[in-house]
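Q: Please pick one part of this model and go through it closely. I would like to know where it sits, what surrounds it, and what the neighbouring parts do in turn.

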Amino acid sequence: MSRKDLGLLALILVVGAVVATINPRFLSPINLANTANLIGLFGIFAVAQAFVIISGGIELSVGSIIALLGVIFVDLVAGGAIPPGMAAILVLALGCLMGLAHGLLITKMGLQPFVVTLCGLLIYRGAARYYTEDATAGFPFGASFPLLEWLTTGRFFGVPHSLIAFLAITIVMGVVLHRSVYGRHLFAVGRNEEAARYSGIDADRIVIAAYVICCGLTAVSAIFVAMYTRSISPSSHGSFYELYAIAAAVLGGCSLRGGEGSILGVVLGTVLLQILQNLVNLLGIPSSLNFAVMGSVILLGVIADREFGRRSAGRG
């Protein structure tokens, strides 16, 4: 664990202790279970975002992808057109295709990641609204899918399956990022793409793979979120989720300049964000100030990280 991760862990413990002291309900089993569930739901697409950020890019269409793939998944399952397992595979394939399209546009067409994914944000949101004719998508009254519901919203000895899925994905992605050749090449491309090319690394393939991984994991998250809400309003479902993902990654030590970051840091960043969300609710802070509180804490965290980095560089 790096010093940055240790600092983030200490901040989580301090914030958690303060909230628990002010409001003991923070440590109640129900609240902890709900928080763990949200950490699982938000953590999956936060880890996904980290891959793109480390490559030196950005993915702004996460929320819209969750909305579009969510309504498609619900429609396929509720309509009984295909079995839920096939619907999940189809949604995952669509997510990977979206990532492939983003990666190709960025690497082969030379478009800016910001522009490509911002257009994706608008296109997917519009497609979701068109697909449902701007109506709310949901399951018919009384519809039940026991196995699917157990897998996505069930609990194992009180631990939400979404959190278990998040931890499993975290372990796999941690190996990919920190213990594989692809991970080393991803960091090299993020730090200096031209230098990586001269070193013989196929930078385009690395960047495309990063977007495929990002959108593929976002599709997994779309299924979990759709089953959690069971009702999807295409105009608002998943709104600002891309900002949550970016915030968790940046808090966790991923540099928006690329080439820096860790999976453990993103996990800690996600936990801190959800504790802050919980803090807003438990302390009775007006929900209208939710984003203001989170934005302020994130800004302070980034400033503190920058200052620590400068002091460390000065001592070096």
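A: Helices here are DSSP runs of H or I with at least four residues, strands are runs of E with at least two, and both are numbered from the N terminus. The model is predicted, so local features are reported only at pLDDT of at least 70 and side-chain atom pairs only at pLDDT 80 or more, while totals for chains, interfaces and linings use all residues. Residues are numbered from 1 along each chain as its sequence is written, and side-chain values use heavy atoms, with hydrogens and water left out.

Start with valine 47, which belongs to helix 2, residues 29–54. Valine 47 has 0% relative accessibility and therefore counts as buried (buried is under 20% relative accessible area, exposed over 50%, partly exposed in between, with a 1.4 Å probe and protein chains only). Beyond its neighbours within four places in sequence, valine 47 contacts Phe166, Thr170, Met173, Leu217, Ile263 and Val266, where contact means heavy atoms within 4.5 Å. Isoleucine 169 is 122 residues away from valine 47 along the chain, yet their C-alpha atoms are separated by 8.6 Å.

On a 1 Å grid over the protein atoms alone, a cavity is a set of points where a 1.4 Å probe fits but cannot get out, a pocket is an open set with protein on both sides within 12 Å along at least five of seven lines, and lining residues have an atom within 4 Å of a point. The whole structure has one cavity of 30 Å³ or more. The volume of the largest cavity is about 40 Å³, taken as the space filled by probe spheres set on grid points that are joined across faces, edges and corners. Its lining consists of Phe42, Phe45, Ala46, Tyr244, Ala245, Ala248, Thr270, Leu273 and Gln274. Seven of the lining residues are nonpolar and two are polar, with no charged residues (Ala, Val, Leu, Ile, Met, Phe, Trp, Tyr, Cys and Pro are nonpolar, Asp, Glu, Lys and Arg charged, the others, Gly among them, polar).

Next comes helix 7, residues 161–179, whose axis comes within 5 Å of the axis of helix 8 and crosses it at roughly 65°. Val176, Leu177 and His178 of helix 7 make this contact with Tyr182, Gly183, Arg184, Leu186 and Phe187 of helix 8. By class, the residues of the contact are five nonpolar, two polar and one charged. Histidine 161 is also in helix 7, and it is buried, with a relative accessible area of 9%. Not counting residues up to four places away in sequence, histidine 161 touches Trp150, Leu151, Gly154, Arg155, Phe156 and Phe224.

Helix 8 (181–191) leads on to the second largest pocket, because it supplies at least two residues of the lining, as do helix 4 (84–107), helix 9 (193–198) and helix 10 (203–229). Helix 10 gives the most, with three residues. The pocket holds about 250 Å³ of space. Among its 17 lining residues, Gly56, Ile106, Pro113, Glu193 and Val207 lie nearest the centre. The lining has six nonpolar, seven polar and four charged residues.

Aspartate 204 pairs with lysine 108 at 3.3 Å, N to O. Aspartate 204 is buried at 13% relative accessible area, whereas lysine 108 is exposed at 55%. Arginine 197 forms a salt bridge with glutamate 194, with closest N and O atoms 3.9 Å apart. These two are three residues apart in helix 9, about one helical turn. Both are partly exposed, arginine 197 at 33% relative accessibility and glutamate 194 at 44% relative accessible area. Arginine 197 also pairs with aspartate 204, with closest N and O atoms 2.9 Å apart. Through shared partners, salt bridges join Lys108, Glu193, Glu194, Arg197 and Asp204 into one network.

Key:
Axes are lines fitted to C-alpha atoms, for helices over the stretch in contact, and angles run from 0 to 180 degrees between N-to-C directions. A salt bridge is a side-chain nitrogen of Lys or Arg within 4 Å of a carboxyl oxygen of Asp or Glu.
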